[in-house]
Amino acid sequence: MSDISSLVTSLIRPEIKELVAYQVQPADGMIKLDAMENPYVWDEGLQAKWLERAKQVDFNRYPDPAATKLRAKLKQHLNLPAEQEILFGNGSDELIQLIMLATARSGCKVFSIAPTFVMYAMTAKFVGVDYVEASLKPDFSLDLPATLTAIEAEQPAVIFIAYPNNPTGNAFAREEIEAIIQAAPGLVVVDEAYNAFAEDSFLPDVEKYNNLLVMRTFSKVGLAGFRLGFLVANSAWIAEFDKVRMPYNINVFTQEGVLFALENYQVLEKQAEQIKQDRELLIKELTQFSQIETIFKTAANFITIKLQPDLVARVFAGLKQDKILIKNLDSAGGLLKDCLRITVGSPAENQAFLASFAKYIK
Ligand SMILES: *Cc1c(COP(=O)(O)O)cnc(C)c1O
């Protein structure tokens, strides 16, 4: 028998072997402003009610593979037309994978813009489809002519557009996304992970465009630990994607917990409203720093900024030393050079960030 490393090399696909696994920064004891989580928990009363509900969950049994109760509640919550269906994923990350698994055939391509959410490119690699991208403009708006030309040349089976986009924060112009949907030879997935903080949605457009899928998640609105994402589309699409889904992908606590959260959704909505207000305050505070070259437009629960050259490493490290974790986007290079991404936290967390930032930007 060969030694383990040559065995590993001979069996693992080379494109997987050369990958670096998704990096999550250690955050123990830190103010966590790196991952777009909601800083708020439920008050004691609601927490107690949830624990009562959790007691009744039969965790000795497999979950309902169709998540029937949760599905009915969410359809009602979204006011979905009868011909549309929902596909649940263990986070929208899983939905990205299911969409690619169901569509990947040899030679087919997945397309997005750059910079954007890294899981599109990573998942394409896992699944073995080619990934192509069109660059955004330096202000992170779409370069529509170049994007349409690339779509025409590449003929992608699936296009992913995050709306608002991560890690840039901005929502692209609606007319430009519509132009992409109309020009696309295949599916367009509008990823609305940040919908709770945004002013617009493509959900009503699913009726209008046969090739449009809208994806959302409960992660950014306050339930990241539950891991629940969902895809809305005409049931003709959902029926096919559902075939590649593992039957029990949504566990019993997630089904019950998100159902409970939907019954009390005004709590999450209020928290999102608070975060939006605090986002504007934080932006206002950031405008006083002349060392920030650009504060990019945002419709999400985070703010991306570009510093003047040669500051980013020092500022990021200083914040970290003060136990404040944000996202350093600089290492991605290109348009993200000198950029930092700050998740909007609670008012106290935002103040702690600002105080520390002021210290190290000087
Ligand atoms: C965070 C994020 C997701 C992933 O959401 P999960 O449901 O937690 O897997 C998807 N898309 C975008 C654009 C995101 O920023």
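**Rings, ligand and backbone**

Modeller: The charged end of Arg 341 lies over the ring of Phe 302, 5.8 Å from the ring centre. Keep in mind that this is a predicted model.

Colleague: What makes the end of Arg 341 count as sitting over the ring of Phe 302?

Modeller: The distance is 5.8 Å, and the cut-off is within 6 Å of the ring centre, together with an angle within 35 degrees of the ring normal. Arg 174 is placed over the face of Phe 202 as well, at 4.0 Å from the ring centre.

Colleague: Why is Phe 302 called buried?

Modeller: Its relative accessible area is 0%, and buried means under 20%. Therefore Phe 302 is buried.

Colleague: How many aromatic pairs are there?

Modeller: The count is 14 aromatic pairs. One of them joins Trp 42 and Phe 260, with 5.5 Å between the centres and 50° between the planes.

Colleague: Why is the pair of Trp 42 and Phe 260 called tilted?

Modeller: Centres must lie within 6.5 Å for a pair, planes under 30 degrees apart count as stacked and planes over 60 as edge-to-face. The angle here is 50°, which leaves tilted. Trp 42 is in the loop between β1 and α3 while Phe 260 is in helix α11, so the pair ties together parts 218 residues apart in sequence.

Colleague: What makes the pair of Tyr 194 and Phe 302 edge-to-face?

Modeller: The planes of Tyr 194 and Phe 302 are 75° apart, with 5.3 Å centre to centre. Edge-to-face needs over 60 degrees. Tyr 194 belongs to the loop between β6 and β7 and Phe 302 to strand β10, so this pair links parts that are 108 residues apart in sequence. Tyr 194 has 2% relative accessibility and therefore counts as buried.

Colleague: Which residues are closest to the ligand?

Modeller: Of the 13 residues that surround the ligand, the closest are Asp 191, Thr 217, Ser 219, Lys 220 and Arg 227.

Colleague: How do you know whether Asn 79 is buried or exposed?

Modeller: Asn 79 has 66% relative accessibility, and exposed means over 50%. Therefore Asn 79 counts as exposed. Its place is the loop between α4 and β2, and its phi is near 60°, a positive value in a residue other than glycine.

Colleague: Why is Lys 323 called partly exposed?

Modeller: Its relative accessibility is 45%, which falls between the cut-offs of 20% and 50%. Phi of Lys 323 is positive too, near 65°. Most residues other than glycine have a negative phi, and most peptide bonds are trans.

Colleague: Where are the peptide bonds that are cis?

Modeller: One joins Tyr 163 and Pro 164, with omega about -5°. Another joins Asn 166 and Pro 167, with omega about 15°. Pro 164 lies in the loop between β5 and α8, and Pro 167 lies in the loop between β5 and α8.

Key
Residues are numbered from 1 along each chain as its sequence is written. This is a predicted model: local features need pLDDT of at least 70, side-chain atom pairs count only at pLDDT 80 or more; totals for chains, interfaces and linings use all residues. Side-chain values use heavy atoms; hydrogens and water are left out. Rings of Phe, Tyr and Trp (its six-membered ring) pair if their centres lie within 6.5 Å; planes under 30 degrees apart count as stacked, over 60 as edge-to-face and the rest as tilted. Helices (H or I, at least four residues) and strands (E, at least two) are DSSP runs, numbered from the N terminus. Buried means under 20% relative accessible area, exposed over 50%, partly exposed in between (1.4 Å probe, protein chains only). A residue is near a molecule or strand if one of its heavy atoms lies within 4 Å of it.
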